Amino acid sequence: MFSVDNAVGDLLEIRVSSPLSMDDAMALFKKIYKTFQIHFPGRKSRVIVDARGLRIVDPAVIDAVVVMMRQDNPSVERNAFLFPDGALLAIQAERMLKELGTSNRRGFTTRAEAEGWLAELCTPDERRRLRHFLDETGG
């Protein structure tokens, strides 16, 4: 399950939860690419991925996500991933981010760290929306 939205400025809001199949991942990135084209033509976005509802993911899905994320790198100024605390998912997330090899994407297990790091580049309106988006799941 997933949602993709752009409510304010250049902030792209993505929420992902289990189960996340290969078909879901493909549909997610199709929606992300369309959102980039419509809302951010020629501009870079700041992206929050709330993955606190995500559990273990099939390694093939992780591999596909890495390939797709490499394609959208030029459109992303900064990307914060908020993961749940969990050993296996943390290992998968770390592997995914390491394979991307970029410093503009980081994973966090605490909301304050993810929000603070992304907010450094956000406008005041984007910071308010970021806070509201993360509040929507009670975290």
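Trainee: Why is the pair of Arg-46 and Glu-77 called a salt bridge?
Mentor: The rule asks for a side-chain nitrogen of Lys or Arg within 4 Å of a carboxyl oxygen of Asp or Glu. In Arg-46 and Glu-77 the closest N and O atoms are 2.6 Å apart, so the pair passes. Arg-46 sits in strand S3 and Glu-77 in strand S4, so the bridge ties together parts that are 31 residues apart in sequence. Keep in mind that this is a predicted model: local features need pLDDT of at least 70, side-chain atom pairs count only at pLDDT 80 or more, and totals for chains, interfaces and linings use all residues. Residues are numbered from 1 along each chain as its sequence is written, and side-chain values use heavy atoms, with hydrogens and water left out.

Trainee: Is Arg-46 buried or exposed, and what makes you say that?
Mentor: Buried means under 20% relative accessible area, exposed means over 50%, and partly exposed is in between (1.4 Å probe, protein chains only). Arg-46 has 7%, so it is buried.

Trainee: Where do Glu-99 and Arg-95 lie?
Mentor: They are both in helix H3 (residues 87-100), four residues apart, about one turn of the helix. An α-helix has 3.6 residues a turn, so residues three or four places apart point the same way. The closest N and O atoms of Glu-99 and Arg-95 are 2.8 Å apart, and the two form a salt bridge. At 33%, Glu-99 is partly exposed, and so is Arg-95 at 29%. Elsewhere, salt bridges that share partners join Glu-13, Arg-15, Asp-50, Arg-52, Arg-129 and Glu-136 into one network.

Trainee: What makes something a helix or a strand here?
Mentor: Both are DSSP runs numbered from the N terminus: helices are H or I, at least four residues, and strands are E, at least two. Helix H5 (residues 124-135) has 12 residues.

Trainee: Why do you say the buried residues of H5 line one face?
Mentor: The buried ones are Glu-126, Arg-129, Leu-130, Phe-133 and Leu-134. Seen down the axis, they fall within an arc of 130°, so they line one face of H5. The arc is taken over the directions from the helix axis to the C-beta atoms. What covers these residues includes S2, S3, S4 and helix H4 (111-119), where contact means heavy atoms within 4.5 Å.

Trainee: Which residues make the nonpolar surface patch?
Mentor: Ile-56, Leu-88 and Ile-91 make it, at about 310 Å². Patch residues have over 30% relative accessible area and no salt bridge; like charges are joined within 9 Å, nonpolar side chains (Val, Leu, Ile, Met, Phe, Trp, Tyr) within 5 Å. Ile-56 is at 57%, so it counts as exposed. Its place is the loop between strand S3 (45-53) and helix H2 (59-72).

How values were computed: Areas by Shrake-Rupley, 256 points an atom, 1.4 Å probe, with all protein chains shown as cover. Expected span 1.5 Å × (residues − 1).
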